[in-house]
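This report describes one protein model, part by part.

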Amino acid sequence: MDTQVQFRPRVDRTPAVSAVFKAAPDYDPSALLTLIRLAFEEQKGRIDPPSSMNKLRPPDIAAHLAQEMVFVVEQEGAPVACLFGTRKPGALYVSKLSVRPDHRGGGLARALLNAAEGEARVQGLQHLELISRRELTDNHALFRHLGFEKFAEGSHPGYDTVTEFHFRKML
């Protein structure tokens with residue numbers, strides 16, 4: 001099933017693009033990994049513990065593609081933004097929200113989350129969930145702006161302080 005959400009970015013640096021949900025084999029794991037690494041690069045040195053995205057390899061992305069949904073924004077056939085989704089009881093858990101740095105500010109994250117929300121509704125799910133690192137306050141503001149609310153906090157193994165916030169958007 002392909003779900004396509006068309007939108008026109010607010011900035012002029014990118015032409016109209018679409019967020020598309022396709023079958024996982026339609027995507028190249030190496031291209032998605034390159035995108036994810038670019039998007040998560042700025043987190044190096046900002047978050048503790050370091051992101052697990054730094055350890056991903058193409059076979060890891062291929063494994064995610066085999067088990068999860070992927071929403072991708074393409075420009076001229078190349079991915080410029082992506083989001084993965086995993087169905088959980090009553091929820092679609094979204095992760096690896098990645099937008100190329102030179103494409104930020106044009107509504108791509110919103111388009112991906114809207115596409116995931118649409119798919120969650122089709123599947124009869126009640127909410128979207130995501131986790132964001134404590135230090136990424138700009139991401140928290142974006143998620144709140146898009147209708148998410150913080151509902152829990154968590155810690156990585158070996159940490160006695162909060163390292164992550166859990167967000168939920170009711171559908």
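## Overall layout

The protein has four helices and eight strands, where helices (H or I, at least four residues) and strands (E, at least two) are DSSP runs, numbered from the N terminus. Read from the N terminus, the order of the elements is β-β-α-α-β-β-β-α-β-α-β-β. The model is predicted, and local features need pLDDT of at least 70, side-chain atom pairs count only at pLDDT 80 or more, while totals for chains, interfaces and linings use all residues. Residues are numbered from 1 along each chain as its sequence is written, and side-chain values use heavy atoms, with hydrogens and water left out.

Of the 171 residues in the protein, 49% are buried. Buried means under 20% relative accessible area, exposed means over 50%, and partly exposed is in between (1.4 Å probe, protein chains only). Among the contacts with a separation of 6 or more, 59% are between residues 24 or more positions apart; a contact means heavy atoms within 4.5 Å.

## The largest pocket

Rolling a probe the size of a water molecule over the atoms shows where empty space is left. The largest pocket holds about 1,100 Å³ of space. It is lined by 45 residues, and those closest to its centre are Phe40, Gln43, Leu97, Asn139 and Phe143. On a 1 Å grid over the protein atoms alone, a pocket is an open set of points where a 1.4 Å probe fits, with protein on both sides within 12 Å along at least five of seven lines, and lining residues have an atom within 4 Å of a point. Grid points are joined across faces, edges and corners, and the volume is the space filled by probe spheres set on the points.

Several elements each supply at least two residues of this lining: strand E1 (3-7), helix H1 (29-40), strand E5 (91-99), helix H3 (108-122), strand E6 (127-133) and helix H4 (137-145). E5 gives the most, with seven residues. By type, the lining divides into 21 nonpolar, 14 polar and ten charged residues. Here Ala, Val, Leu, Ile, Met, Phe, Trp, Tyr, Cys and Pro count as nonpolar, Asp, Glu, Lys and Arg as charged, and the others, Gly among them, as polar.

## Aromatic rings and charges

A pair of aromatic rings is described by the distance of the centres and the angle of the planes. The structure holds two aromatic pairs. One of them joins Phe143 and Phe148 edge-to-face, at 6.0 Å centre to centre and with 65° between the planes. Rings of Phe, Tyr and Trp (its six-membered ring) pair if their centres lie within 6.5 Å; planes under 30 degrees apart count as stacked, over 60 as edge-to-face and the rest as tilted. Phe143 counts as buried because its relative accessibility is 6%, and Phe148 counts as buried at 3%. Ring pairs link Phe143, Phe148 and Phe167 into a cluster.

Charged side chains also sit over rings. The charged end of Lys88 is over the ring of Tyr93, 4.5 Å from its centre, and Arg168 lies over the face of Phe151, 3.8 Å from the ring centre. For this, NZ of Lys or CZ of Arg must be within 6 Å of the ring centre and within 35 degrees of the ring normal.

## Backbone exceptions

Most residues other than glycine have a negative phi, and most peptide bonds are trans. The peptide bond from Asp48 to Pro49 is cis, with omega near 5°. Pro49 lies in the loop between H1 and helix H2 (58-67).

Lys96 is not a glycine, yet has a positive phi of about 55°. Lys96 is part of strand E5 and is buried, with a relative accessible area of 9%.

## Residues that meet across the chain

Ile36 belongs to helix H1 and is buried, at 0% relative accessible area. Ile36 and Leu97 are 61 residues apart in sequence, and their C-alpha atoms are 8.0 Å apart in space. Beyond neighbours within four places in sequence, Ile36 is in contact with Met53, Ile61, Cys82, Phe84, Lys96 and Ser98.

Pro101 is in the loop between E5 and H3 and counts as partly exposed at 41% relative accessibility. Leaving aside neighbours within four places in sequence, Pro101 is in contact with Leu38 and Ala39. His166, in strand E8 (residues 164-170), is buried, with a relative accessible area of 18%.
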